[in-house]
Amino acid sequence: MNAVVFRRALADRRRWLIGWSIGITVFVVLNIAFWPSFRDQSDELNDMFDKMPESLRALFGMGDGVDPFSPVGYLSSQVYTLAMPMLLLIAGIGAAASMAGDEENGLLETVFTLPISRGRLVLERSAAVVVLTSSLAAVGLVATAVSARAVDLDVGIASMVWASVGVTVLTWAVTGLGSLTGALTGRRGLAITVAAVVAVASYLITSLADAGIGVFETLEPLSVFTHYDVLATLVAGTPPWSFLVLFAIASITTIAARWAVDRRDLRNA
Amino acid sequence: MARDRPSPYRGGVDHDLPLRGGPGRNAPAIVTRRLTKHFPGVRGSLALDELDLEVHTGEVFGFLGPNGAGKTTTIRLLLDLIRPTSGSATVLGLDPRRDGVALRTQIGYLPGDVNLPPRLTGRAYLADHAAIRGLDLRTATGDLADRLGADLDRPMGDLSIGNRRKVAMIAAFAHRPRLLVLDEPTGGLDPLVQQTFRSLARDAADEGRTVFLSSHVLDEVQHVADRVAVLRAGRLVAEDRIDALLARLTRTFRVRFGDTPPLDRFSRVPGVKSMSVLTGGDLEFVLDGPAGPLLAALAPLHPLDLHGHEPDLEELFLGYYGATHVGRDEPNATVPAEVVVE
């Protein structure tokens, strides 16, 4: 397969991939390494947590019936609710906005004069983002599984795999929005801003909706974090259907980006 | 030609169409009809105003105009980087938008601002281009890299503008395209490489390829172009053979004497359009005909020094307007043969 643009986009991010892989691994290992000290006092800690207001508990990603200092609760709150998505989203949004960045730097001009359609260019660059973010999620999964096993954090591998799949499709949905913004405007800063605002707003909406705040409960379906639903995934060890919503957002935004970039003038560097 | 690898990117156009002979031999390489580009929201936003242009196959066509005249806008329209507000362009018989991929297999483009990935070496960059075009890198670039003396092994961010331009030039010429679109091609190049560039452009035209060469400097095109068009403020103001245009050109000579002679000695010399006395006593002559009569008139006065300077485009316009009336709404801008004393 002669996917030159795809291969170049991957090659350009070799160091990026290594750097983020190390960062995610260090982060996961450090967080899980504290499990033994919490495990020994988990009953007291769970009692204390139960006394917190529900809204505060929701911010930690705890739903009804799951103790935060149970193995699943711990893995959810310490790794998968906020930190892993945050790291993947920061990495992924930057990668997704890079095509708009290339346009701003005048690097797309010669690429657009090659015998390759703009749509194909978007698809190959998006495919590179998909592969890169999936690789980071896989690194995160391996780091989680290995370190959990090392400290006897007893969560099934299926739970971890599906949580990692969830964080991956969550990232794709957000990076898809970033790519679409970049494709519509050719502005890297705007692409990053839109994707970041969607991610942060979604996190807040879902957390506050879980805390039972009315207006946020109405907005909840609009939040990508609602569809991520990682605690339920970790508990069940199976994926929720809502992952398909995230996958659909990623697919639709990519198709829309392909369409958008073909409909406008390339910006001057 | 090295076309030994299939490329999934290439369109369904036969690249190896004979460049000379066969059907379409005299078909124009570029035709624009009332091609107009308006950038909304930008003051003075009419970048190109109903441009009618015809570039013949196998010629080197100079596209001249001062900065901001609309040259790069035209090029970007021809390459489908931007879309026209109205009017149309046909390039190598194809529509730049509808047939973009197929068309771009046959175009080599050298941008005016050479922006290249700074961390990539020239070799890696050209390898990507070769792979997309289905070419063998070594066959396609070897001779060109040698002729231009290009450094392909350092990251392009470490290269001077001239050396980056050499890499971009290789990318434009390597696939031996039927149409070369070159925007201000020799900026930052040393004179020797400029000479190499000229012979590359000439060779391409001699092989029946077409070269569209944009510049704001007359000197860049006058030694290589067959015909030129002059653009100003988005409008075509002149289109002619280069020799015809140069013949109409006004040139300026500055002459130094030991004793400055009276100006009226020269008022009847054929071809002298205007003259002035500069501070310091030098005389400046603007000439729009052969230089012989002026030189004959100067010789007996024993001038100490004489130099002419490269006519700029403004002078080219002035000279052109003096002879013809091309601009649609331009006044006849002939400079009267007047005597000005500074």
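Which residues lie nearest the centre of the largest cavity? The legends below answer this and then visit other parts of the structure.

This is a predicted model, in which local features need pLDDT of at least 70 and side-chain atom pairs count only at pLDDT 80 or more, while totals for chains, interfaces and linings use all residues. Residues are numbered from 1 along each chain as its sequence is written, chains are lettered from A and ligands numbered from 1 in the order in which they are written, and side-chain values use heavy atoms, with hydrogens and water left out.

**View 1. The largest cavity.** Thr113(A), Tyr109(B), His129(B), Arg133(B) and Ala171(B) lie nearest the centre of this cavity, which has 14 lining residues. Chain B elements that give two or more residues to this lining are β5 (107-110), α3 and α5 (161-173). Helices (H or I, at least four residues) and strands (E, at least two) are DSSP runs, numbered from the N terminus. The lining holds eight nonpolar, five polar and one charged residue. Here Ala, Val, Leu, Ile, Met, Phe, Trp, Tyr, Cys and Pro count as nonpolar, Asp, Glu, Lys and Arg as charged, and the others, Gly among them, as polar. The space inside is about 80 Å³, and the whole structure has four cavities of 30 Å³ or more. On a 1 Å grid over the protein atoms alone, a cavity is a set of points where a 1.4 Å probe fits but cannot get out, and a pocket is an open set with protein on both sides within 12 Å along at least five of seven lines; lining residues have an atom within 4 Å of a point. Grid points are joined across faces, edges and corners, and a volume is the space filled by probe spheres set on the points.

**View 2. The second largest cavity.** About 60 Å³ of space is found here. Among the lining residues are Leu126(B), His129(B), Arg133(B), Thr141(B) and Ala171(B). Helix α3(B) gives the largest share of this lining, four residues. By class, the lining has seven nonpolar, three polar and one charged residue.

**View 3. The largest pocket.** Its volume is about 1200 Å³. Of its 49 lining residues, Arg8(A), Ala9(A), Asp12(A), Asp102(A) and Arg125(A) are the closest to the centre. With seven residues, helix α10 (residues 118-150) of chain A gives the most to the lining. Sorted by class, the lining has 27 nonpolar, 10 polar and 12 charged residues.

**View 4. Where chain B meets chain A.** The contact (heavy atoms within 4.5 Å) takes 31 residues from chain B and 28 residues from chain A. About 2500 Å² is buried between the two chains, with carbon and sulfur atoms giving 52%; buried area is the accessible area (1.4 Å probe) that two parts lose on being put together, summed over both. Four salt bridges link chain B and chain A, each a side-chain nitrogen of Lys or Arg within 4 Å of a carboxyl oxygen of Asp or Glu. One of them joins Arg76(B) to Glu109(A), with the closest N and O atoms 2.8 Å apart.

**View 5. A salt bridge within chain B.** Over all chains, the structure holds 27 salt bridges. In this one, the side chains of Asp49(B) and Arg235(B) meet at 2.8 Å, N to O. Asp49(B) sits in strand β2 (residues 46-56) and Arg235(B) in strand β9 (residues 235-241) of chain B, so the pair ties together parts that are 186 residues apart in sequence.
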